[in-house]
Amino acid sequence: MEEEIKSKELGLIERGKEIENGPVIEDEIERSKVGIMRALCEREDQSTKDVDDLMLRRFLRARNHDIEKASTMFLKYLNWKRTFLPNGYISESEITNELSHNKTCMAGRDKRGRPVVVIFGNRHNPSKGNPEEFKRFLVYTLQKIADRMPRGEERFIAIGDLQGWGYSNCDVRGYLASLSILQDYHPERLGKLCIVHAPYVFLAAWKIIYPFIDCNTKKKIVFVEDKKLASTLLEDMEEDQLPDIYGGKLPLVPIQDSSK
């Protein structure tokens with residue numbers, strides 16, 4: 001009887017944690033590895049105490065559950081964050097030029113509740129921008145997307161729309177910066193990337209970028225044929241959540257105007 005009571009009490013505690021901090025890591029092996037990783041990282045950087053287990057798990061998964069590699073990656077992230085985000089966030093006043101082009105918009109959610117973001121490649125003109133502001137804009141965008149994630153969900157869906165994309169929009173340095181920020185500092189956030197309306201000229205830039213994409217990310221990228229666009233997107237989202245520009249019913253909202 002005493003053991004049964006203790007078991008119930010432990011269950012209540014765990015459920016309480018889940019309500020307060022999000023879902024507990026259920027996989028015993030994964031939970032154990034996260035615990036070891038936390039201990040290693042806290043020894044090197046005390047600010048590790050400020051992050052939850054789910055964040056550590058994302059870095060662990062990004063390195064195929066190799067604790068040493070994941071710890072190195074996470075500690076690198078903490079150093080980057082102190083330098084790049086001294087205030088903990090990017091304010092809109094720091095990225096006014098990037099926001100003015102409405103190149104990134106929020107849509108609805110997919111069938112799993114993951115937020116959907118649409119990125120317009122033809123609205124990006126590197127000759128009229130600043131590389132550092134663009135990096136800040138990327139981080140701002142990822143923070144806004146994360147704010148829309150429901151409890152227990154850690155990933156988002158992206159639609160990269162290249163309609164009208166041309167050489168003036170090509171920004172290999174910017175694309176590589178995007179990859180670095182996404183893969184090195186926000187791992188396991190991308191659930192799927194659908195590239196739509198890709199013109200033939202984009203393939204030259206793609207050949208340069210592709211070798212820098214890690215294996216986990218490559219598996220999440222899909223090029224969608226124009227004739228299968230709506231049907232492919234509807235595999236992941238309901239019609240009332242499908243952006244109206246792709247035959248759905250939901251209007252897009254510039255990311256700076258989106259709310260939780």
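Biologist: Why is Glu42 called buried?
Modeller: Buried means under 20% relative accessible area, exposed means over 50%, and partly exposed lies in between (1.4 Å probe, protein chains only). Glu42 comes out at 18%, which is under 20%, so Glu42 counts as buried. Mind you, this is a predicted model: local features need pLDDT of at least 70 and side-chain atom pairs pLDDT 80 or more, while totals for chains, interfaces and linings use all residues. Residues are numbered from 1 along each chain as its sequence is written, and side-chain values use heavy atoms, with hydrogens and water left out.

Biologist: What makes Arg38 and Glu42 a salt bridge?
Modeller: The term asks for a side-chain nitrogen of Lys or Arg within 4 Å of a carboxyl oxygen of Asp or Glu. Here N to O is 3.7 Å, so the pair qualifies. Arg38 is buried too, at 16%.

Biologist: Where do Arg38 and Glu42 sit relative to each other?
Modeller: They are four residues apart in helix α2 (residues 28-44), so about one helical turn separates them. Helices here are DSSP runs of H or I with at least four residues, strands are runs of E with at least two, and both are numbered from the N terminus.

Biologist: What about Glu132 and Lys135: how far is N to O?
Modeller: That salt bridge has 3.4 Å from N to O. Both residues lie in helix α6 (residues 131-147), three residues apart, about one turn of the helix. Glu132, at 39%, is partly exposed, and Lys135, at 28%, is partly exposed as well. Elsewhere, salt bridges with shared partners link Glu30, Arg57, Arg58, Arg61 and Glu154 into one network.

Biologist: How many salt bridges does a search of the whole structure find?
Modeller: The search finds 15.

Biologist: Which residues of α6 are buried?
Modeller: Among them are Phe134, Phe137, Leu138 and Ile145.
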